[in-house]
Amino acid sequence: MQIQTIKTTAFNDQKPGTSGLRKKVKVFQQTGYLENFVQSIFDTLNVPNNATLALGGDGRYFNRQAIQIIVRMAAANGFARVLVGQAGILSTPACSHIIRKYKTFGGIVLSASHNQGGINGDFGIKYNISNGGPAPEKITDSIYDLSKKIIEYKIADLPEVDVDTLGQSIFNDGKFTVEVIDAVQDYADLMQELFDFSAIKKLLSSGFKMQFDAMHAVTGPYAQEIFANRLGASESSLMNCIPSEDFGGGHPDPNLTYAEDLVKIMFAGESSPDFGAASDGDGDRNMILGKNFFVTPSDSLAVLAANATLVPAYANGIAGVARSMPTSGAVDRVAAKLNIPCYETPTGWKFFGNLMDAGKVTLCGEESFGTSSSHVREKDGLWAVLFWLNVLAKKGMSVEQILMSHWAEFGRNVYSRHDYEAIPTDAANSVIAHVKSQFTSLPGQSFGGYKVKTCDDFSYHDSIDGSISNNQGIRILFEDGSRIVFRLSGTGTEGATIRIYLEAFDPDVKNHHLDAQVALAEMIQIALKISELKERTGRDTPTVIT
Ligand code: VG1
Ligand code: CO
């Protein structure tokens with residue numbers, strides 16, 4: 001095996017965002033672009049002898065080419081073995097599990113997650129450390145620094161590796177091995193250990209109807225194995241389960257706007273199934289629906305925490321919970337009642353890893369359709385779906401009844417997020433700057449029934465490793481506990497995306513049936529007034545409302 005050292009020119013835009021480096025496919029196809037970033041990852045790590053790398057992606061366009069390049073670069077950079085998902089595919093949670101189960105040194109996930117795919121869509125790459133979770137900022141900062149000064153990368157001259165056939169390919173007199181694994185079985189086995197499969201099986205054969213939408217993305221084969229083969233769900237209850245390189249031309253983002261097919265089925269009146277769910281491009285997100293009913297991800301996290309002991313894996317209780325800052329405080333109320341700690345972290349799963357490694361939290365979640373537990377170190381879409389099915393099987397109530405009784409007990413944190421996508425960067429920055437410029441004048445001011453208490457730019461102090469992360473989102477906190485948060489997305493690839501997060505607490509059951517947009521109407525107007533968003537961006541309505 002020859003190792004070649006190739007001269008290259010640095011790019012200045014390889015700064016990882018909320019979850020790895022995401023760019024248009026065309027950007028990744030530039031000569032040296034992927035190679036530079038991968039070499040910067042390897043140069044950041046101190047790869048020990050005999051190290052194994054896990055590797056796989058969500059199957060989007062450019063996945064196969066990238067896998068071949070990374071295998072050859074891993075060989076040249078001292079890895080002894082690469083574990084690749086069959087066909088180069090691994091869902092993000094499955095990759096996290098593979099890293100942990102086979103104790104690999106780390107893993108590379110190729111995904112732009114919920115972003116569109118195909119030749120004109122997005123591609124992405126992310127490094128996960130040996131706990132199975134996304135690399136912390138210390139590592140991603142170093143990768144970025146190295147990527148700005150890189151002058152060469154190393155690559156081995158291996159022949160194309162067959163990633164479709166299970167088993168090993170051995171190179172370099174046995175010093176380098178590529179092993180293609182069936183991650184679907186590994187992942188399904190893990191799920192079967194955590195949940196009460198016999199209770200779920202019974203539920204699914206009792207006339208209870210579910211509908212799962214894989215959105216032409218990575219969870220299709222996992223869903224087939226788990227729901228159809230192991231739990232006996234009917235074939236017709238699974239839709240869009242064959243992964244495609246461009247996600248069937250759709251946007252693999254499980255929300256009320258982009259998961260339109262499923263939403264139609266679930267909001268068709270009395271004939272709708274009892275339970276609906278969808279997952280995103282790389283399988284780490286989940287959307288939960290009941291019959292004509294939407295569960296916000298923030299409420300979902302709270303309900304799962306409150307009912308965790310119904311699941312075998314959490315039967316003895318949970319150590320604590322964590323949520324990202326913009327996620328609603330619904331889970332905080334559950335934690336208070338259970339008398340367990342609740343942590344507030346910045347947006348992005350990488351901030352939960354330390355807390356889980358230290359045994360401080362068991363369940364974590366984000367308002368962006370991400371929920372998971374310490375069984376892996378990523379958010380996990382199918383895990384959340386199975387958790388809900390397990391709870392439904394045990395409680396014998398409908399999704400809506402579960403939410404209504406949860407709100408009656410804890411009160412309702414009415415919540416919504418409004419996204420304004422693909423805004424010119426200057427306009428988006430001016431909106432944020434304008435809100436910040438009012439930090440001293442806003443406190444004490446009243447807007448209708450709401451009075452501003454404080455405003456700040458959220459900073460996080462990691463109690464485990466002592467690191468500090470600044471500028472994590474602007475918060476306007478009102479006297480009555482309501483709040484508005486403004487953030488710029490760190491995963492978009494076109495202009496900027498402004499996210500406005502709105503939350504108000506309502507303990508009164510008489511209002512709990514209200515649509516969130518109605519209940520939050522006044523807050524929405526206040527957010528637009530304070531930010532001058534319409535004036536500064538020319539946008540009248542959000543692109544996506546959840
Ligand atoms: C978004 C979400 C964030 C999530 C991230 C990655 O980030 O808001 O909660 O962790 O996507 O999810 P941002 O910076 O665009 O708001 V995934 O499923 O795209 O890996
Ligand atoms: Co994702």
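Modeller: Let us begin with Cys 95, which has its place in helix α4, residues 92–101; helices here are DSSP runs of H or I with at least four residues, strands are runs of E with at least two, and both are numbered from the N terminus. This is a predicted model, in which local features need pLDDT of at least 70 and side-chain atom pairs count only at pLDDT 80 or more, while totals for chains, interfaces and linings use all residues. Residues are numbered from 1 along each chain as its sequence is written, chains are lettered from A and ligands numbered from 1 in the order in which they are written, and side-chain values use heavy atoms, with hydrogens and water left out.

Cys 95 counts as buried because its relative accessibility is 0%, where buried means under 20% relative accessible area, exposed over 50% and partly exposed in between, with a 1.4 Å probe and protein chains only.

We can now turn to the metal. The cobalt ion (ligand 2) is coordinated at 1.9 to 2.1 Å by Ser 113 (OG), Asp 280 (OD), Asp 282 (OD) and Asp 284 (OD), donors being N, O and S atoms within 2.8 Å of the metal (3.2 Å for Na, K and Ca), and since water is not among the atoms, sites may look incomplete. Along the chain these donors follow the spacing S-x166-D-x1-D-x1-D. Ser 113 lies in the loop between β5 (106–110) and β6 (122–128), and Asp 284 in the loop between β12 (275–279) and β13 (286–290), so the pair ties together parts that are 171 residues apart in sequence. Ser 113 is buried at 2% relative accessibility, and Asp 284 is buried too, with a relative accessible area of 2%.

Asp 284 also leads us to ligand 1, for one of its polar side-chain atoms lies 2.9 Å from an oxygen atom of ligand 1. A polar side-chain atom of Lys 379 lies 2.7 Å from an oxygen atom of this ligand, and one of Ser 489 lies 2.6 Å from an oxygen atom of it. Of the 19 residues around ligand 1, those that come nearest are Thr 18, His 114, Ser 368, Gly 490 and Thr 491, a residue being near if one of its heavy atoms lies within 4 Å.

Terms used
Polar contact = N/O pair within 3.5 Å; in protein donor to acceptor, adjacent residues only side chain to side chain.
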